[in-house]
Amino acid sequence: MKIQTFVLFSFLSMSVSCDDIGRSILKSYNKKYETDGQVLGSKPLFMGVDANRKQITISLQEVVKVKEPTDIQFPPGDSPFLFALEKAGNMILFHREKKISRVLTKFPVITDSEEGLLGLTFHPQFPKQSKLYTNYVKSVANKDVTIVSEWVVENPTNYDSMKLTSERVLLQVEQPYPNHNGGQLAFGPDGQLYIGLGDGGWRADPKNNGQNPNTLLGSILRINPTPDTQSKKPYSIPTDNPFVGKAGFAPETFAYGIRNPWRMSFSPDGRLLVADVGQDAYEEVDIILSGKNYGWNQTEGFHCFTDGCNPGLYQPPFYEYGRDEGQSITGGYVYTGSAIPDLKGMYVFGDFIQGKIWAIPVPKPGENTKVTETIALGKWNLLIPTFGRDNEGEIFVADYQSGTIYKMVKP
């Protein structure tokens, strides 16, 4: 791989805090990601373990080009639109039938390390309730702050006149470092808004945010965007959140012990699937259950990250893979489309660095089963930052390097 690396020198003799050092390094170092070879064309490679796995043959059909995509979303219902987010702050509106695109709005983001415009979701009743929700990182009083906002969408069904107005900030969370922001937003079948936040960054969770249920970092949050008239908060806490009224726990928290939830989605049966990026050895996929602790920074995958940990204290993932297969997981979606019948009901995801795409079964509700079956969809000449799923259940995949968004199709 042509992945540039850097060496951290000893700063023990310097009168600078570790926090300042970490922030400075991450903000000044911009890793350049490149795939390892020329364009592979329409045929993927099946390498290593994938060569001996069950394989499903797919093709990638180009849909639209953007720049450094971070999210792909489709409005509910019968809509011709695709929305794509660019790390640098542009929200792109693409008309799938007319094959035209434009910048819908520009967000005032900072783009150090993993920051930027990161997440988008629509009100479940969109366009009748013409609101959408965004997650981005901006500078506020010289601090890096995650902003979760609600926007009114004017003319939500008209390509030419659609625009965002009336931003209402729901949530602001200070980020101690410019990595591990998470950023995904999704409405559950319960009508509540779920928000994925990483541990705040750097390495090994130095502030122990993952195991601190009183912070919003390192957690999956669950809120209702309706303002709370009693507390004057711009959102409400669902009364059935697991830690409501419990001392030492943030009431917004639905689950915690998360490192960097890079893409999450709901399965057809309503369960939340989260891909959590690992640090040293393992990437994992979790089924997020109310009130559970998913182990970071004590565990990574099914294994101890901290010496002497007790994995039995934590909710395990249902799937993991190691550094022999990839380096940074990107979560996807359960396939519910019809174009590739062999993928029906399978969770499709990939690896950002390796450009590999896989599919796995999801355990049935009530089962806490470790999944070992992996279906290979090939290694592509892509850096995979995100997937998308349209209202017909078809899956899309983006290439961070070229900015191309593809639709997965049967050859």
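Strands here are DSSP runs of E with at least two residues, and they are numbered from the N terminus. The model is a predicted one. Asn-208 is not a glycine, yet its phi is positive, near 55°. Its relative accessible area is 34%, so Asn-208 counts as partly exposed.

Lys-99 sits in the loop between strand E4 (90–95) and strand E5 (100–106), and because its relative accessibility is 59%, past the 50% cut-off, Lys-99 is classed as exposed. Two peptide bonds also deserve a look. The one from Phe-126 to Pro-127 is cis, with omega near 5°, and Pro-127 belongs to the loop between E6 and strand E7 (131–140). The bond from Trp-296 to Asn-297 is cis too, with omega near 15°; Asn-297 is in the loop between strand E16 (282–288) and strand E17 (299–300). As background, most residues other than glycine have a negative phi, and most peptide bonds are trans.

Zooming out, the chain is built from one helix and 26 strands. Of its 411 residues, 57% are buried. Among contacts with a separation of 6 or more, 58% link residues 24 or more positions apart. The exposed surface comes to about 17300 Å², with carbon and sulfur atoms supplying 48% of it.

Next comes a loop residue on the buried side. Thr-374 lies between strand E22 (356–360) and strand E23 (375–379). Thr-374 is buried because its relative accessible area, 7%, is under 20%. Its side chain makes a polar contact of 2.8 Å with the side chain of Tyr-319. Beyond neighbours within four places in sequence, the contacts of Thr-374 include Arg-53, Lys-54 and Tyr-319, along with Trp-358, Ala-359 and Ile-360.

Finally, the second largest pocket holds about 610 Å³ of space. Its lining takes in 25 residues, and Gln-73, Phe-74, Thr-121, Phe-187 and Arg-389 are the ones nearest the centre. By residue class, the lining splits into 13 nonpolar, 10 polar and two charged.

Definitions and conventions
Residues are numbered from 1 along each chain as its sequence is written. This is a predicted model: local features need pLDDT of at least 70, side-chain atom pairs count only at pLDDT 80 or more; totals for chains, interfaces and linings use all residues. Side-chain values use heavy atoms; hydrogens and water are left out. Helices (H or I, at least four residues) and strands (E, at least two) are DSSP runs, numbered from the N terminus. Buried means under 20% relative accessible area, exposed over 50%, partly exposed in between (1.4 Å probe, protein chains only). Contact means heavy atoms within 4.5 Å. Accessible areas come from the Shrake-Rupley method with a 1.4 Å probe; for residues, only the protein chains shown count as cover. A polar contact is a pair of N or O atoms within 3.5 Å; within protein, one must be able to donate a hydrogen and the other to accept it, and residues adjacent in sequence count only if both atoms are side-chain atoms. On a 1 Å grid over the protein atoms alone, a cavity is a set of points where a 1.4 Å probe fits but cannot get out, and a pocket is an open set with protein on both sides within 12 Å along at least five of seven lines; lining residues have an atom within 4 Å of a point. Grid points are joined across faces, edges and corners, and a volume is the space filled by probe spheres set on the points. Ala, Val, Leu, Ile, Met, Phe, Trp, Tyr, Cys and Pro count as nonpolar, Asp, Glu, Lys and Arg as charged, and the others, Gly among them, as polar.
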